[in-house]
Structures are given as structure tokens and as C-alpha cells.
Amino acid sequence: MSTNGSDTVDLDLSAPDSPADRRWDNDPAGYWGTIDAATNGLDAPVLAADLDALRHNTADMLRRAAGKPIRVASKSLRSRPLLDALLRVPGYAGVLAYDVAEAHWLASDGPDHRGADRTGCPDVLVAYPSADLGAIAALAADETAAARVTLMIDDPAQLDLIDVAAPPSRRCELRVCLDIDASFHAPGLGVIGARRSPVRERAEAAVLAATVAGRKGFRLVGVMTYDAQIAGVGDLSINRPGAGTLLRTMQRASWEELSARRSEILTDLRRIADLEFVNGGGTGSLERNAQDPNITDIAAGSGLYGPHLFDGYSHFRPAPAVGFGLAVVRRPGPDTVTVHGGGWIASGPAGADRSPVPVWPAGLSLLGREGAGEVQTPLRGARTGRILLGDRVWFRHTKAGEPAEHVEELAIVEDGAVLCTVPTYRGEGKCFL
């Protein structure tokens with residue numbers, strides 16, 4: 001897409017938040033209408049962000065973290081200029097990447113999207129183990145980047161894979177982090193939370209840490225515990241009587257169990273290795289992790305964009321900073337319009353809560369028998385007669401970073417105009433997953 005905004009602007013996300021000017025709450029129709037008018041010259045699909053809303057969310061996450069550093073989750077942004085802008089704000093430190101090749105790219109010095117010199121991020125933690133031997137070999141061959149990137153493991157066999165890709169006799173020492181299972185094992189309900197690491201108990205963690213410490217070419221530097229059942233589930237998102245109370249009860253019990261178990265595990269691991277960091281949490285559990293003295297940095301990123309997933313949390317509500325606009329191309333009936341595209345379905349368990357939500361013009365809804373389609377999405381509403389072909393409908397995505405996989409640029413709107421556009425990963429020619 002083309003824009004009359006400047007791509008030479010360095011985004012400043014640290015500007016003061018103004019409680020009196022929260023247009024997304026006070027006048028939602030005017031808020032989205034302003035974004036639509038500002039991006040009128042851009043071809044759909046348009047991904048846009050309101051700068052005031054981004055600044056509000058930046059400040060609100062810092063408030064909730066209460067002084068504890070926030071490690072930025074790259075999968076929730078998927079735009080290198082936005083990652084860099086957030087890391088310029090005091091209180092944000094380091095990146096939580098989702099792929100080894102991505103981490104290598106983010107940690108490397110070199111030109112940015114404008115051709116200007118860019119210093120790579122000095123602290124990138126890969127959140128997941130990898131079997132991408134080519135990417136591991138490339139990272140291991142780059143001593144500067146390898147010193148900035150930490151690889152994730154939860155099994156000795158993952159160390160073997162790394163050695164196959166880059167034998168220790170021919171590479172520098174690689175930094176390693178242990179992923180510890182943070183799920184809740186509830187009596188009668190089973191496992192609640194993400195199925196991640198097989199390492200759960202104190203003895204299991206100690207054995208794996210000793211294994212890393214005894215292997216040539218590896219250095220254990222960190223521990224990660226992601227409490228998905230707390231960070232990723234809103235207590236207002238389950239619309240059944242009493243469900244919110246039950247969920248909050250489960251989350252309190254889960255946090256108490258995790259905090260105690262993590263403390264015991266860390267007592268042993270600190271005897272084995274000099275840990276540089278203990279990472280935990282997510283956007284939905286910033287407050288809890290901020291209170292734990294064992295946590296040194298908290299992962300968060302989705303809160304910057306404020307997708308509609310977070311409408312289901314009672315203890316915080318980010319501004320809906322990012323939305324995408326699709327062009328109306330058909331009028332199948334007097335109360336129906338059809339936009340081109342729309343099937344930007346969020347990952348996770350399939351259901352209506354994974355679909356994008358139309359937010360402007362007001363009063364539109366997806367059709368139950370069609371939903372959001374790959375190349376067209378019909379929408380129904382009483383005021384569709386006022387919508388013309390070529391007009392746009394604006395949506396909010398369920399999750400944060402995933403819409404960036406569909407477009408090359410993100411338009412930044414300020415004071416009713418496009419301030420600049422910044423490339424997404426796709427816009428810089430990158431596709432990691």
C-alpha cells in the first residue's frame with residue numbers, strides 16, 4: 001500500500017498518557033472513524049494503529065509491572081521498528097522471540113528498513129525449543145549474535161540437536177535457558193494451562209540443569225515459566241453464571257502452587273549455575289509476576305496492541321490500539337454487505353472467540369453460517385444501506401501480532417493523519433512461522 005506519511009519518523013512511545021483524551025472509550029465511533037478517514041488514501045487491507053492508544057498501553061503495562069523490567073514478546077508485535085521503539089522506553093528490556101532465525105535477525109547489527117545503521121538487540125530469548133538445524137548453525141557461526149541470543153531447552157535431546165547443527169568444537173559457547181512447566185494440575189480437572197515443558201518437579205529441573213552444566217559448549221543462564229492459565233485467560237471471557245469466580249479461584253490456587261514450586265526449583269538451580277534471569281508471565285499476569293521476588297523480567301507484548309482477547313479481563317483493559325480495515329465489494333441483500341478478505345482467524349481452540357470482531361461502522365456482525373471467510377466476509381446490520389462499495393469496515397483481531405502476517409505495513413495514525421508507516425516482518429521480507 002502507499003501512504004503520504006513519512007517513513008523517516010522515529011516512533012516515540014514514551015509520551016505522557018492523557019486520561020482526559022481516551023477517545024476509544026469516550027467516543028468509539030469517532031475513534032474508529034478518525035482512523036478510517038486518516039487512512040482513506042491507502043488500499044485495503046489496511047492495518048493501522050493509533051499512536052495515542054499505543055502510548056497509553058505502553059504506560060499502562062509499565063504501571064502494572066511496578067518497576068520490574070518487561071521483556072517484549074516479539075510474536076505479539078511482528079514489526080521490528082515497533083520493537084525497537086518499545087525498547088527505547090525505560091522499563092522495557094530485552095526481547096522474547098519465537099524462532100531462532102528471527103532471534104538471529106533481531107540480534108544482528110545492520111541496516112534497518114530505511115537503510116540506517118541499526119544495533120541489534122543485546123538480549124534476545126527464544127521462547128521455544130527448535131529443530132531448525134540451519135538456523136541454529138547460522139546463529140552459532142555468528143559470535144556477536146550468539147552472545148546476544150539465549151536458546152530454550154527442556155530436554156537433553158535438544159542439546160544433541162544443537163550439537164548436530166553446530167558441533168561444540170567448531171562454535172562458541174551457546175547460552176541456554178530452561179523452560180519449566182508452569183501449568184496447574186487441578187484435582188478432578190487435570191492439567192490446566194499450556195502443554196509446554198516436560199520438566200516440572202524440583203528433581204527433574206536439577207538433573208537437566210546439571211546436564212547442561214556438564215556439556216561442552218553450553219552455558220545455563222536463565223529459567224522461564226509461562227503461566228498461560230493466568231496470563232492468557234480472562235475472568236470475564238467465560239459467559240456462564242459463576243464461571244468468573246471459579247476461574248479466579250483456580251488462578252489464585254495455581255499462582256500459589258507455581259510460586260512455591262518455582263522458588264524450590266530456583267534454590268537448586270542457583271547452586272548449579274549463575275542464573276542471569278528468571279522470566280515469567282505475560283500481559284495478563286503482569287501484576288502477579290511483579291510481586292514475585294524470584295522473577296527478574298516479565299514477558300509481555302500483546303498489551304501494546306490491545307486485541308479483543310483482553311476485553312475479557314476484569315483487572316485491566318488496554319486501549320484497542322490496532323485494527324484492520326477491509327473494503328466493501330458486494331451488496332448481497334438490503335441488510336448485508338461483503339468485504340474482501342477477513343478470515344484472519346486467531347490461533348487457539350477453534351470457536352467464535354477466535355474470529356475478528358467488526359467495530360466500525362457500528363452495528364455490523366458476522367453471519368453465523370459463514371463467519372469470516374478466506375477471500376470474502378459477509379456482514380449484516382440495520383445500517384448497511386448507508387455503506388457504499390469501496391467503503392471500509394474495521395475489525396479488531398482476537399490476538400495481537402497475527403494480523404501482521406497479512407500485510408506489509410502498519411500505518412501509525414496521530415491527530416487524524418498518517419504520521420508514518422512501519423514495515424511488518426512480512427514487509428521486510430521475513431516469514432518465520
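Reader: What should I know about the model first?
Author: It is predicted, so local features need pLDDT of at least 70 and side-chain atom pairs count only at pLDDT 80 or more, while totals for chains, interfaces and linings use all residues. Residues are numbered from 1 along each chain as its sequence is written, and side-chain values use heavy atoms, with hydrogens and water left out.

Reader: Why is the contact of Asp112 and Arg114 called a salt bridge?
Author: A salt bridge is a side-chain nitrogen of Lys or Arg within 4 Å of a carboxyl oxygen of Asp or Glu. For Asp112 and Arg114 the N to O distance is 3.3 Å, so the pair meets the definition.

Reader: Why is Asp112 called buried?
Author: Buried means under 20% relative accessible area, exposed over 50%, and partly exposed in between, using a 1.4 Å probe and protein chains only. Asp112 has 15% relative accessibility and therefore counts as buried.

Reader: What makes Arg114 partly exposed?
Author: Its relative accessible area is 32%, which lies between the two cut-offs.

Reader: How do you know that Glu201 forms a salt bridge with Arg200?
Author: Their closest N and O atoms are 3.8 Å apart, so the distance is within the limit. Glu201 is partly exposed at 41% relative accessibility, whereas Arg200 is buried at 10%.

Reader: What makes Arg202 and Asp268 a salt bridge?
Author: The closest N and O atoms of Arg202 and Asp268 are 2.6 Å apart, so this pair also qualifies. It links distant parts of the chain, with Arg202 in helix α9 (residues 202-213) and Asp268 in helix α11 (residues 243-272), 66 residues apart. Helices are DSSP runs of H or I with at least four residues, strands are runs of E with at least two, and both are numbered from the N terminus. Arg202 is partly exposed at 34%, and Asp268 is buried at 15%.

Reader: Why are β1 and β14 said to pair?
Author: Two strands pair if DSSP finds at least two bridges between them. Strand β1 (residues 46-50) and strand β14 (residues 322-333) have four bridges and run antiparallel, so they pair. Leu47 stands opposite Phe324 in β14.
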